[in-house]
Amino acid sequence: MSVPFFDLQAVNARYAEALKAAAARVIDSGWYILGGELEAFEREFADYCGVRHALGVGNGLDALALILRAYIGLGVLREGDEVIVPANTFIATFLAVSQSGLVPVPVEPDPVTFNLDPARVELAIGPRTRAVIAVHLYGQLAEMPVLAALARRRGLLLIEDAAQAHGAALDGCKAGAFGDAAAFSFFPTKNLGALGDGGAVTTSDDALARRVAALRNYGSETKYHHLFQGVNSRLDELQAALLRVKLAHLDEEILLRRRIARRYREGIVHPAIAPPQVTREDGHVWHLFVLRCRRRDALQRHLQAWGIHTQVHYPVPAHRQPAYSEWHRLHLPVTERLHAEVLSLPLNPALDEAAVERVIAACRAFKGNA
Ligand SMILES: *Cc1c(COP(=O)(O)O)cnc(C)c1O
């Protein structure tokens, strides 16, 4: 029996009829960019997150970059300002900052939650620090109440990178509604995945929303009149229509993910394997199930021999990437150790019980010591 890491075909097959009907509706409409499907999706996604505005954009990286560029345009951020980011995140968080003429400042995570450690954030604040980007890594909310209080006290913007955390909540407040603004990705493998690229900005700040809406569309509010030097980054009608179908099932998919994660955490009992810890059930939507193991590579090979496909998120931290050679001398021991020890197990709504039990049995059979 082979267990794939992720089976997109199986995930989307659950909604094949509704997706095909939505696609046909768009094809037949003759209207493909900035129309009724996008408006409806933006309304539905804003309501889902509990914010005033959602703006569909081309992808998650653009969502982050457009938030930053909009703040620069509004005079809230200035080029050269420092933005605190977690040292252990997908590269997009860094790229959005550096591409906007701002300076990313990597901060070490809490090794248990994998998320930003507020105490270390406080220590990293300098005279040029203007913003913090909190990433809800692997689907678990960062410590938002603490970070929000810190940001308020120190006069910083708080931006969420919620690309992995659609629907994660704390006391009813959802990812995307904690910060001044948030970025989402609808890359096909994300918890709310399109059938192509897509992203969104959420915010309850009217001025920011208006600026992002213009920037994503050539800096224009009226056709052929350009207020700003914008970009072309729009969520198209087809993806918006498909996302409306999948948004209606997001909450039930989150419950399926939680059930698998609970089973893994109960079942994977091994001295050499540290399963992920959760502070609160509703704060984690299990985009990824990431365990730690000192003999990670051996464990990965062992699981592969059992036919179980795993991945590493992420094998190389940003400060060790060729793209950021200026940081190669930085030493971030927590981040470096995590990158050497993390392993992601298969977890998605289409994973059946037999596969889950097979993964658990394989982990328990690992002959490694702590
Ligand atoms: C996927 C992801 C992004 C970027 O989203 P794209 O749609 O691929 O551009 C940004 N941040 C994090 C944490 C992500 O996981």
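**Chatting through the fold**

Visitor: Starting with V290: buried or exposed?

Guide: V290 is buried, with a relative accessible area of 1%. Buried means under 20% relative accessible area, exposed is over 50%, and partly exposed is in between, using a 1.4 Å probe and protein chains only.

Visitor: Good. What sort of model is this, and what are the ground rules?

Guide: It's a predicted model, where local features need pLDDT of at least 70, side-chain atom pairs count only at pLDDT 80 or more, and totals for chains, interfaces and linings use all residues. Residues are numbered from 1 along each chain as its sequence is written, and side-chain values use heavy atoms, with hydrogens and water left out.

Visitor: Back to V290, then. Which strand is it in, and what does it touch?

Guide: V290 is in strand β12, residues 289–292. Helices (H or I, at least four residues) and strands (E, at least two) are DSSP runs, numbered from the N terminus. Not counting residues up to four places away in sequence, V290 touches F114, Y138, P276, V342, L343 and S344. Touching, or contact, means heavy atoms within 4.5 Å.

Visitor: F114 is on that list. Where does F114 sit, and what is its phi?

Guide: F114 is in the loop between β3 and α6 (118–124). Its phi is near 70°, a positive value in a residue other than glycine. Most residues other than glycine have a negative phi, and most peptide bonds are trans. F114 is also buried, at 6% relative accessible area.

Visitor: What about the phi of W286?

Guide: Phi of W286 is near 50°, again positive in a residue other than glycine. W286 lies in the loop between α10 (250–267) and β12, and W286 is buried with a relative accessible area of 1%.

Visitor: And the peptide bond from H313 to Y314, cis or trans?

Guide: That one is cis, with omega near 10°. Y314 is in the loop between α11 (296–305) and α12 (333–341).

Visitor: Okay, sheets. How many strands are in the open sheet, and in what order?

Guide: There are 7 strands, in the order β1-β9-β8-β5-β4-β2-β3, with mixed pairing. Two strands pair if DSSP finds at least two bridges between them. The edge strands are β1 (53–57) and β3 (103–107), each pairing on one side only. From one strand to the next, the twist averages 25°.

Visitor: β3 is an edge strand. How many of its residues are buried?

Guide: 4 of the 5 residues of β3 are buried, so β3 is largely enclosed by the rest of the structure. β3 runs parallel to β2, and 5 bridges join them. Within that pairing, P106 is the bridge partner of V85.

Visitor: How do β4 and β5 pair, parallel or antiparallel?

Guide: Parallel, over 5 bridges, between β4 (residues 129–135) and β5 (residues 157–161). V135 stands opposite D161 in β5. Helix α7 (residues 144–154) packs on the sheet and touches β4 and β5, with its direction at about 150° to that of β5. For all these angles, axes are lines fitted to C-alpha atoms, for helices over the stretch in contact, and angles run from 0 to 180 degrees between N-to-C directions.

Visitor: Switching to D81. Buried or exposed?

Guide: Buried, with a relative accessible area of 1%. D81 lies in the loop between α4 (60–73) and β2 (82–86).

Visitor: What does its side chain make a polar contact with?

Guide: The side chain of R128, at 3.3 Å. A polar contact is a pair of N or O atoms within 3.5 Å; within protein, one must be able to donate a hydrogen and the other to accept it, and residues adjacent in sequence count only if both atoms are side-chain atoms. Leaving aside neighbours within four places in sequence, D81 is in contact with L102, V103, R128 and R130.

Visitor: Last topic, helix packing. How do α2 and α9 cross?

Guide: The axes of α2 (residues 16–29) and α9 (residues 237–247) come within 9 Å and cross at roughly 150°. The two are therefore roughly antiparallel; angles under 35 degrees count as roughly parallel, over 145 as roughly antiparallel, 65 to 115 as roughly perpendicular and the rest as oblique. Residues making the contact include A18 and L19 of α2 and L238 and A241 of α9.

Visitor: And at what angle do α4 and α8 pack?

Guide: About 115°, with the axes of α4 and α8 (residues 206–215) 9 Å apart. That makes α4 roughly perpendicular to α8. Among the contact residues are L66 and I67 of α4 and L208 and R211 of α8.
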